[in-house]
Amino acid sequence: MKPNTKANLPAAILLFALLMLWQAGAMGIGAAYILPSPVQVLRRLWELRGPLFTAHLPATMEVVFIGLAISVALGVGLAVLMDASPVAEKALYPLIVASQTIPTTALAPLFVLWFGYGIWSKVLVTVLMTFFPVAITVFDGFRSVRTEMEELLVTFGAGRREIFCKLKLPAVLPYFFSAMKMAIPLSVIGAAIGEWLGAQSGLGYFSRRMMTQLDGAGVFAPILLLSAAAMLLVAVTAAVERRVVTWRNK
Amino acid sequence: MLDFQNVSFQYPGDGAPTVDGLSFHVDRGEFVCLVGPSGCGKSTVFRLICQLLRPSGGRILVGGRSIDGQKNYCGYMPQSDLLFPWRTVEENIRLPLEIRGGRSRQEMDALTAQALRTVGLDGWGKRSPSELSGGMRQRAAFARTTLTGSELLLLDEPFSALDYLTRLAMREWLLDQWQRERKTVLFITHDVEEAIFLSGRVLAAEGSPIGRLASFPVPLGYPRTVESLGRPEALALKRQLIAMLRRREP
């Protein structure tokens, strides 16, 4: 733990300096509805803890988890399919890459029209934002598998299923975790954007409502919570990765 | 044990064949080295034997039968050890047994433990391959090859990446293994001295494409030591082989 603390020291110092700068700037402007200070944001977070933690955080996390689950299933599924069939790769890969040029944020209001104010319009935004890094990164993982290793298994008499289970699956795990660490923050952003555009609960929705009330600190408080949730999820994923992928960097 | 009958092979897109009408024979229990300049197609011969490549003409027989439809008739040990980093040493060695199937866990454990003992890696089974030295990794890879249970072992420059002293030690170690097990070994190398030290007979590629292999019996008995290479008849063969390989270089 100690070397880790030391390694993070420069970042901590810089963060503290930036927060100080923000605080000083906010105090100089003196208009909380334009730029609330960090202290005001924290205070507001504490005041609003009831609705934020019991209603809006769970609503957003529900979208995040459902969206992530669908993205992982879809992304890994597409990667497996593209790895198994060159035709599928030729057909899908360019489309998957091109799909990223679609401005999801701009389309999101349409999803509200289609799916209403319920959870599924937000889940769709989340999925559209997160399945791409999962599909592409996991597919890169499949491509990184050394041909010699595959051939070695073939000489042992292995079929496609054994090559997949004994070689490709473990080889792709580090890539999978990298994909997850990219997808988690994106899924939180996706959920928040979805809620921003139309929802009845959730941190994105709450932030927007505070904006209509010119409550600057109230806008920031749920955003702070969103970031914290994303960081916590990434940290948990990294911890799981360290337990599972013991061979990385060896 | 191994027969090539007029075998030809051409890589798709290549103007000329890599193997052209090649015929040779290796007896059961023989240790034969295949020497030739780098890039002359020695490894292609191995890949044909393992059915990683299909000959465009001719027949390959192992044990008097065509290799078509035969399984587990050869153990292939590639240039790099290709130990899977996510498996422990013993899990790596067990791979051919797992793929072949039909054995209980206890049987596999017993065979793996025995193979580890034979290659002098007793007590290293639970370690990660990254904890092993270069020579130990090659010994582990050799143990894995022997657990294919095949009578014919194909070793493709297995010691070329090792430092000089380790290489010397590994050569003696390999001869020791061979004398104990008396499997048929076909060993690829571009090192003439290594070929003379190891084999009962040297097959030298007469240029590219490989069409004819010149056969040179090694005038040394077993067991051999590094000093055996200083014998006049060994030196004469070395000069002869080098002169021949030099002529072939462009």
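Trainee: Okay, so axes are lines fitted to C-alpha atoms, for helices over the stretch in contact, and angles run from 0 to 180 degrees between N-to-C directions. With that, at what angle do helix 8 and helix 9 of chain A cross?

Mentor: Roughly 50 degrees, and the axes of helix 8 (residues 160–197) and helix 9 (residues 203–212) of chain A come within 7 Å. Keep in mind that this is a predicted model.

Trainee: What do we call that arrangement of helix 8 of chain A and helix 9 of chain A?

Mentor: Angles from 65 to 115 degrees count as roughly perpendicular and those under 35 as roughly parallel, so helix 8 of chain A and helix 9 of chain A are oblique to each other. Their crossing is right-handed.

Trainee: Which residues of helix 8 of chain A meet helix 9 of chain A?

Mentor: Helix 8 of chain A brings Ala191(A), Ala192(A), Ile193(A), Gly194(A), Glu195(A) and Trp196(A), while helix 9 of chain A answers with Leu203(A), Gly204(A), Tyr205(A) and Arg208(A). By class, this contact has 6 nonpolar, 2 polar and 2 charged residues.

Trainee: And how does helix 8 of chain A pack with helix 10 of chain A?

Mentor: They pack at about 170 degrees with their axes 10 Å apart, helix 10 covering residues 216–244. That makes helix 8 of chain A roughly antiparallel to helix 10 of chain A. This crossing is right-handed.

Trainee: What classes of residue make up that contact of helix 8 of chain A with helix 10 of chain A?

Mentor: It has 14 nonpolar, 1 polar and 2 charged residues. From helix 8 of chain A, Leu173(A), Phe177(A) and Ile184(A) are among them, and from helix 10 of chain A, residues including Leu226(A), Leu233(A) and Glu241(A).

Trainee: Switching to chain B: how is it divided into domains?

Mentor: Domain 1 is 2–73 + 153–248 and domain 2 is 82–149. Taken over C-alpha atoms, the centres of these two domains of chain B are 25 Å apart. Their contact takes 9 residues from domain 1 of chain B and 7 residues from domain 2 of chain B.

Trainee: Which element gives the largest share of the domain 1 side?

Mentor: Helix 5 (residues 164–181) of chain B, with 3 residues. That side of domain 1 of chain B divides into 7 nonpolar, 2 polar and no charged residues.

Trainee: Inside chain B, how are helix 2 and helix 4 placed?

Mentor: The axes of helix 2 (residues 89–100) and helix 4 (residues 134–146) of chain B come within 7 Å and cross at roughly 30 degrees, so the two are roughly parallel to each other. In this contact, residues including Val89(B) and Ile93(B) of helix 2 of chain B meet Ala140(B), Ala143(B) and Arg144(B) of helix 4 of chain B.

Trainee: How many residues of each chain are in the contact of chain B with chain A?

Mentor: 16 residues from chain B and 14 residues from chain A. On the chain B side, the largest share, 4 residues, comes from helix 2 of chain B.

Trainee: Last one: in what order do the strands of the open sheet in chain B run?

Mentor: The order is 6-7-8-3-9-10, 6 strands with mixed pairing. Strand 6 (74–77) and strand 10 (213–217) of chain B stand at the edges with a single partner strand each, so one side of each has no neighbour in the sheet. Strand 9 (residues 201–205) of chain B pairs with strand 10 of chain B in the antiparallel sense over 5 bridges, and Ala205(B) stands opposite Leu213(B) in strand 10.

Technical notes:
Residues are numbered from 1 along each chain as its sequence is written. Chains are lettered from A and ligands numbered from 1 in the order in which they are written. This is a predicted model: local features need pLDDT of at least 70, side-chain atom pairs count only at pLDDT 80 or more; totals for chains, interfaces and linings use all residues. Angles under 35 degrees count as roughly parallel, over 145 as roughly antiparallel, 65 to 115 as roughly perpendicular and the rest as oblique. Two residues are in contact if their C-beta atoms, placed from the backbone, lie within 7 Å. Domain bounds come from an automatic or database domain assignment. Ala, Val, Leu, Ile, Met, Phe, Trp, Tyr, Cys and Pro count as nonpolar, Asp, Glu, Lys and Arg as charged, and the others, Gly among them, as polar. A crossing is left-handed if the near helix is turned anticlockwise from the far one by less than a right angle, and right-handed if clockwise. Two strands pair if DSSP finds at least two bridges between them.
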